[in-house]
Amino acid sequence: MSKGLPKRSEDYSLWYNELVKRADLAENSAVRGCMVIKPYGYSIWEKMQAELDRMFKETGHTNAYFPLFIPKSFLSKEASHVEGFAKECAVVTHYRLKNAEDGSGVIVDPEAKLEEELIVRPTSETVIWSTYKNWIQSYRDLPLLVNQWANVVRWEMRTRLFLRTAEFLWQEGHTAHATKEEAQAETAQMLNIYAQFAEEFMAMPVVKGRKTENERFAGADDTLCIEAMMQDGKALQAGTSHFLGQNFAKAFDVKFATKEGGLEYVWGTSWGVSTRLMGALIMAHSDDNGLVLPPKLAPIQVVIVPIYKGDDQLNAISEKAKEIMVALRKAGISVKYDDRDTHKPGWKFAEYELKGVPLRIGIGPRDLENGTIELARRDNLTKETFDLSSQAIEEKIGNLLTEIQDSIYKKAFDFREEKITEVNSWDEFQTTLENKGGFLSAHWDGSSETEDKIKELTKATIRCIPLDQKEESGTCVFSGKPSKGRVLFAKAY
RNA sequence: CGGGGUGUAGCGUAGCCCGGUAUCGCGCCACAUUUGGGAUGUGGAGGUCGUAGGUUCGAAUCCUGCCACCCCGACCA
């Protein structure tokens, strides 16, 4: 393994691919398009899950689990939904294998063809709504607020670790409500939770917005999203929340008796974030030395590396290190003491930098003498000597972790702000997209035709109509037709 | 799925045009000296050259099929 990582400035996607592999986050598997999420990568995902799960439960949702397989007939019940997913579904056609007669191995038993083929879920609206039909009879059964953590399969042509894989992990919330307003409020609430999670935990600023008709989820009346800006100037959709109207209720005949004695279709929402967030996290903060993790999601927040000659020194240092470790753990900070003597300190420094551990404590003989430790920050690569008698260690480290969390958010925020450009002419649109990238805030006439045409010409799409869009009359950057406000265009992942 | 490229030890590669059983670096193992930013030396282990056929006395090398991966398009969270 060569030492350095490729440079972002030279080959961004190579940098990303190498970083994912070298930081032990994930690797390609024996199965095309599917990845193995390695223990270190998975522990970051677990931290994300834990926070999101807590937030879902705090807002009244409970977890459940629905089947991986969906009868083919279910998928076709909602017309636009099936159209949206048909091209990327894996299909189970048989249920048995047998030994080949020529001894060449196992073959699919042609006798064991399924009556009705099963689709490996690309998303679960259909199975879930077919179940909700039985769960919902009265307004008293509403709202129904369910989430599931699951894997889904979308047979993608081109895959990239975390960003787009044939199988990925996600959570999908599926709720049912008595009124349109309540379902819309739920859609907005969950979007806000995603935005809060992204900003507070991932330290990644996002734009909250609404998808255009072209980009909307198949089967939804309205799709809200959070969009993030990556370091190469491309946008990444980090989460979506859909208002499903009564589309699935009608498709699966889910009605409820109202308080007034009427019978009405329920209103639905669905919302999800996936392991794609891992890709967003990596691309939002990391640098040419490796991963940079926000303390709130780092599996290891602090690593202690001893610098020593001989067992006597190591023993003395270990004693100090363990003392510090106990104090930090008591304060809820996750610490690893790396006293392996199979690797030298310099090697460990580079290794933990690659893996994005936010803080490193170095303790050597000089420190023991002086009652100090060396503190090195991953985010800005600065070091300081800390006098242990000046302040409680857990307080010092706690403050530093908070500061790092804030600091990487601010850095990402400033970067994102710098990458939003208001453009007012087609010429400016093209030049900016070409030379600077990022979000282009531009007037749009509201038509799908214009959106398609712009995509065809520049590969940029409308990432969203920001929820905080200012009313401002102008003319469409492409067609010159009147427009009521600016939308965000960008090239996207 | 279209166009281009690649596949040789755990990883990265040379060799392929011009056929003769495989090069180098990292990593791994042992020992010694080292340890405040990826240590050094000496010795050692490890390869059905993606896979299945074909041509040939002989194939990593030439030919054909298949598979996987990468880049560029169409599709997508």
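In which sense do strands β4 and β8 pair, and over how many bridges? Strand β4 (residues 69-71) and strand β8 (residues 113-120) are antiparallel and share three bridges.

The legends below describe a predicted model, in which local features need pLDDT of at least 70, side-chain atom pairs count only at pLDDT 80 or more, and totals for chains, interfaces and linings use all residues. Residues are numbered from 1 along each chain as its sequence is written, chains are lettered from A and ligands numbered from 1 in the order in which they are written, and side-chain values use heavy atoms, with hydrogens and water left out.

View 1. Strands are DSSP runs of E with at least two residues, helices are runs of H or I with at least four, and both are numbered from the N terminus. Two strands pair if DSSP finds at least two bridges between them.

**View 2. The eleven-stranded open sheet.** The strand order is β3-β9-β10-β16-β13-β12-β11-β24-β27-β23-β22, with mixed pairing. β3 (62-63) and β22 (420-422) each have a single partner strand and stand at the edges, so one side of each lacks a neighbour in the sheet. β3 runs parallel to β9 (residues 144-153), joined by two bridges, and Thr62 has Val146 of β9 as its bridge partner.

**View 3. Helices on the sheet.** Helix α6 (residues 180-200) packs on the sheet, where the strands in contact (heavy atoms within 4.5 Å) include β9, β10 (167-177) and β16 (267-274). The directions of α6 and β16 make about 10°; axes are lines fitted to C-alpha atoms, for helices over the stretch in contact, and angles between N-to-C directions run from 0 to 180 degrees. Helix α13 (residues 426-435) lies across β22, β23 (439-443) and β27 (486-490), at about 170° to β23.

View 4. Arg276 belongs to helix α8 (residues 276-285). A polar atom of the Arg276 side chain lies 3.1 Å from the backbone oxygen of Leu163. Beyond four places in sequence, the contacts of Arg276 include Phe162, Leu236 and Tyr493.

Note on methods:
Polar contact = N/O pair within 3.5 Å; in protein donor to acceptor, adjacent residues only side chain to side chain.
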